Amino acid sequence: MYVAVKGGERAIENAHRLLAHKRRGDQSVPELTLDQISEQLGLSVDRVMSEGSLYDRELAALAIKQARGDLIEAIFLVRAFRATLPRFGASEPVDTGAMRVQRRVSSTFKDIPGGQILGPTFDYTHRLLDPALAQGFVPDAPATAEASTAPTPRVTDILGRDGLIESSPQAEEGASVGDLTREPLNFPADRDLRLQNLARGDEGFLLAMGYSTQRGYGRNHPFAGEIRFGEVEVEFVAEDTGFAVPLGAIALTECQMVNQFKGSATEGPCFTRGYGLAFGQSERKTMSMALVDRALRARELGEEALAPAQDEEFVMSHSDNVQATGFVEHLKLPHYVDFQSELGLLRKLRKEFTDAQAPDAMKEAAE
Amino acid sequence: MDRVTQHNNQQAQRKAAMAVLAHAEAGEIAARLRDFTLPDHQDLRAPESGLVMLRGRVGGDGAPFNLGEATVSRAAVRLASGEVGFGYTLGRDGEKARLIALCDALVQSRDFGGAVERDVIAPLREQLMVRREQAAAETAATKVDFYTMVRGEG
């Protein structure tokens, strides 16, 4: 046994050395810089920050480089890194209403105050591969227009003024904010924990779950009330300063889903909502998150909860791709002892089966 | 002016300076401070990096929830004359946090407050505004101008 372990060590060391070589690839090709990844693969960086649950573009770029572009591996690296730093505290909640908007669209109202702003989007592109990008492409300078100073209120705020949509649940006085990185998850989980879970959840998983609600597994008739992307300022109440200190700005995407109405004996019918928020420009992620957030409110809204997307234990237990990949991929680690015992059991069962099949032959042989 | 108002004014001034400095690069702040005859000062807290949990609100305006963490650096600097400055910034650039702390201490100083505003904060603010205006102008060009096509039925 001891010998086998030593042999494994050398093989592991050499495998990692080979990995480093493969990661670098053909050395006559220039090496990628972190700036190149951050600037030119920005949406990968955004995804790694969101699901790695750590806003730091440079670290996310490093993780992507180290993981050879495997984003789930990169997310894993970022999660592991965050465990090495002390936590200073929690920020003041960001105000997405005060976002410096770079994109803002609504599929519910054409003429929203502040307007429909397309920003940098893949929407309306023809999805044809562009050979011009293959080398040395220099884009035209962006067009400019006079910027409006008019505010861009959230669409849900506009609907809210007429009581046409439910208002956001407010925190109870002195209530603490749930944190699933500090306390183990219990069910049923409150909306703060659900949103934290979804915000760091796998985009592909949330996309499939959100899609399933559209296809009828927990249908909730969504409209994209508003999607906005841009920068918000972050403030942190530091103990030593005694006031909320500006930390700088982060890029966020927010999606307000407007869903089918509900009413009760005491309240008139109004639209319900689902909410999505993520780091960077993460539109697919926040839209999926908002669909799933709304689906998970089924019980609260008195709907039948029969579909997977409405089952919070199912969704929240399977949304984390670091946990998921850890459990799936651990199958390739040595299970020799486990397997030996399975094998022993199987041999025993097969012998019993053979013995039962041919009792006469056995008897004869015994005699 | 009573003492409370004075305190609040200074706090607002410090916060406004920090809001500009947090958006600048360490190199840009250092370059602005280079032409400055700095008073004696020392690190009260050496630069360190850590995490701040960023919070959002349900629906944008409801109860808070934890969105995810961010790296944050902090430092504290004390001038020989006694003013203590604090520096906080997103990211892992400890030197930037130290420079912000130094500026925060200078902002509070009777002798240096005016000069640091004029020579460091104001030019960086101007630079930040130019960048933001450029970004806003580029964004504005992507705003949709709807026009209605009248159909037969009216």
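Which residue is the bridge partner of Val77(B) in strand 3 of chain B?

Modeller: Happy to walk through it with you. Please keep in mind that this is a predicted model. The bridge partner of Val77(B) is Gly85(B), in strand 3 of chain B. That pair belongs to an antiparallel pairing of strand 2 of chain B with strand 3 of chain B, which runs over seven bridges. The two strands form a hairpin with four residues between them, and in this hairpin Gly82(B) takes a positive phi near 110°. Strand 3 of chain B covers residues 84–90, and six of its seven residues are buried, so the strand is largely enclosed by the rest of the structure.

Now follow strand 2 of chain B, residues 64–79, across to the other chain. Strand 2 of chain B also pairs with strand 1 of chain A, this time in the parallel sense and over two bridges. Here Tyr55(A) stands opposite Ala70(B) of strand 2 of chain B.

That brings us to the contact between the chains. The contact takes 66 residues from chain A and 50 residues from chain B. On the side of chain A that touches chain B, several elements each supply at least two residues, among them strand 1 (54–55), strand 2 (87–90), strand 3 (100–105) and helix 7 of chain A. Strand 4 (223–237), strand 5 (244–262) and strand 6 (270–279) of chain A are also on that list. Strand 5 of chain A gives the most, with eight residues. By residue type, this side of chain A divides into 33 nonpolar, 19 polar and 14 charged.

Some of those strands come together in a sheet. In chain A, an open sheet of four strands has the order 3-4-5-6, with antiparallel pairing. Strand 3 and strand 6 of chain A stand at its edges with a single partner strand each, so one side of each has no neighbour in the sheet. On average, neighbouring strands of this sheet are turned by 25° against each other, direction ignored. One place to look is Arg103(A), whose bridge partner in strand 4 of chain A is Phe229(A).

Next, the helices. Helix 9 of chain A lies across strand 4, strand 5 and strand 6 of chain A, running at about 140° to strand 6 of chain A. Helix 9 of chain A, residues 283–295, also packs with helix 7 of chain A, residues 191–199, at an angle of about 150° and with the axes 10 Å apart. These two helices are therefore roughly antiparallel to each other, and helix 7 of chain A passes helix 9 of chain A in a right-handed crossing. From helix 7 of chain A the contact uses Arg194(A), Leu195(A), Leu198(A) and Ala199(A), and from helix 9 of chain A it uses Met289(A), Val292(A) and Asp293(A). Those residues divide into five nonpolar, no polar and two charged.

Helix 8 of chain A, residues 203–214, packs on helix 9 of chain A as well, at an angle of about 55° and with the axes 8 Å apart. The pair is therefore oblique, and the crossing is left-handed. Helix 8 of chain A brings residues including Leu206(A), Leu207(A) and Gly210(A) to this contact, while helix 9 of chain A brings residues including Lys285(A), Ser288(A) and Met289(A). This contact divides into eight nonpolar, three polar and three charged residues.

Finally, a few loop residues are worth a click. A cis peptide bond joins Phe187(A) and Pro188(A), with omega about 0°. Pro188(A) is found in the loop between helix 6 (155–161) and helix 7 of chain A. Arg127(A) lies in the loop between strand 3 and helix 6 of chain A, and has a positive phi of about 55° although it is not a glycine. Arg127(A) counts as exposed, with 5 C-beta neighbours inside 10 Å. His221(A), in the loop between helix 8 and strand 4 of chain A, is another residue other than glycine with a positive phi, near 45°. With 14 other C-beta atoms within 10 Å, His221(A) is partly exposed.

Terms used:
Residues are numbered from 1 along each chain as its sequence is written. Chains are lettered from A and ligands numbered from 1 in the order in which they are written. This is a predicted model: local features need pLDDT of at least 70, side-chain atom pairs count only at pLDDT 80 or more; totals for chains, interfaces and linings use all residues. Axes are lines fitted to C-alpha atoms, for helices over the stretch in contact, and angles run from 0 to 180 degrees between N-to-C directions. Angles under 35 degrees count as roughly parallel, over 145 as roughly antiparallel, 65 to 115 as roughly perpendicular and the rest as oblique. A crossing is left-handed if the near helix is turned anticlockwise from the far one by less than a right angle, and right-handed if clockwise. Two residues are in contact if their C-beta atoms, placed from the backbone, lie within 7 Å. Ala, Val, Leu, Ile, Met, Phe, Trp, Tyr, Cys and Pro count as nonpolar, Asp, Glu, Lys and Arg as charged, and the others, Gly among them, as polar. Two strands pair if DSSP finds at least two bridges between them. A residue is buried if 20 or more other C-beta atoms lie within 10 Å of its own, exposed if 12 or fewer, and partly exposed in between; C-beta atoms are placed from the backbone.
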